[in-house]
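Good morning, and thank you for coming.

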Amino acid sequence: MSRQTAAVWDPAQYGVFGDERARPFTELAARLGGAAPARVADLGCGSGELTATLAARWPDAVIDAFDSSPEMIAAARAHEIPGRLAFRVADVAAWEPERPLDLVISNAVLHWIPEHPELLPRWVGALAPGGRLAFQVPGNFGAPSHVLLREMGRSERWRGRLAHLQHDAPVLDPAGYVDLLARLGCAVDAWETTYAQILHGEDPVLEWVKGSALRPVLTALPPAEAEEFLAEYAERLRRAYPAAPYGTVFPFRRIFVIATTP
């Protein structure tokens, strides 16, 4: 998670829907197949649980994991394995490896870095021959959850504090990433998936967004104004995502990319 968000991250809130948030990472890692990398960097590792699954999957790998959030890294250090898995606070947008890597993986991070299309060539350049860059990002910026958030952030009431945090399309589509990375000489596998998630509880979509897209908003507003914002946003979300007897359906589109160097 990049410092560009200027957000204070809450590992507990992010983990409320931990199983659902983990699914895209698990599917991205599964697509990497059976090859076992020796040196791995996880850029934007969050609270470390998912990085730990890589250490279990590749017991001979040395994995360095980075996140710009001190709160996330403090939680992640519970998963450290001396000599094999280490977590450090760092801005992934400025990261450079000490030596070529076999795998650079990044989960739900690049949408926080608007200039990431210019960053990806440097990440590809950090790979050893035959190395792989694997990442996934949300593709749901046209969904009501995000459209409503942008509309409120740009409204007369909130734009003075929040308009600068709103981004219409911070990611490319799969074809856009193919074009960018294939021009660098990579073999590219890119795809997208929409999960029709069923969330439970009171205002579940609000609780979901509190752990991700709402973090910069909640950081930017004092407590009383944050509560005002949340009350209005929750009401709009209830209309956009009506509850059913079995729960609330929340479509969740993700974009996946694996690029392999020659």
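I shall begin with the basis of the model, then turn to the whole chain and two local details.

This is a predicted model, in which local features need pLDDT of at least 70 and side-chain atom pairs count only at pLDDT 80 or more, while totals for chains, interfaces and linings use all residues. Residues are numbered from 1 along each chain as its sequence is written, and side-chain values use heavy atoms, with hydrogens and water left out.

On confidence, pLDDT is the predictor's confidence in each residue, from 0 to 100. The chain averages 92, and 93% of the residues score at least 70. Over residues 1-6, however, the pLDDT is below 50. Beyond near neighbours in sequence, that stretch has 22 contacts in the model, a contact being heavy atoms within 4.5 Å.

Next, the overall form. The chain holds 11 helices and seven strands; these are DSSP runs, with helices being H or I of at least four residues and strands E of at least two, numbered from the N terminus. The C-alpha trace spans about 50 × 40 × 40 Å along its principal axes. The radius of gyration, taken over C-alpha atoms, is compared with a globule rule of 2.2 Å times the number of residues to the power 0.38. For 262 residues a compact globule would have a value near 18 Å, and the chain agrees, at 18 Å.

Of the contacts with a separation of 6 or more, 76% come from residues 24 or more positions apart. Buried residues account for 52% of the 262, where buried means under 20% relative accessible area, exposed over 50%, and partly exposed in between, with a 1.4 Å probe and protein chains only.

Which elements do the buried residues of helix α6 pack against? They pack against α7 (159-162), α9 (204-210), α10 (215-220), α11 (223-240) and β7 (248-260). Helix α6 covers residues 144-153, and because seven of its 10 residues are buried, it is largely enclosed by the rest of the structure. Among those buried are His-146, Arg-150 and Met-152.

Finally, Ala-128, which lies in strand β5 (residues 127-138). Ala-128 counts as buried because its relative accessibility is 16%. Leaving aside neighbours within four places in sequence, Ala-128 is in contact with Pro-100, Leu-101, Asp-102 and Thr-261. The C-alpha atoms of Ala-128 and Leu-103 are separated by 8.5 Å, with the two residues 25 apart along the chain.
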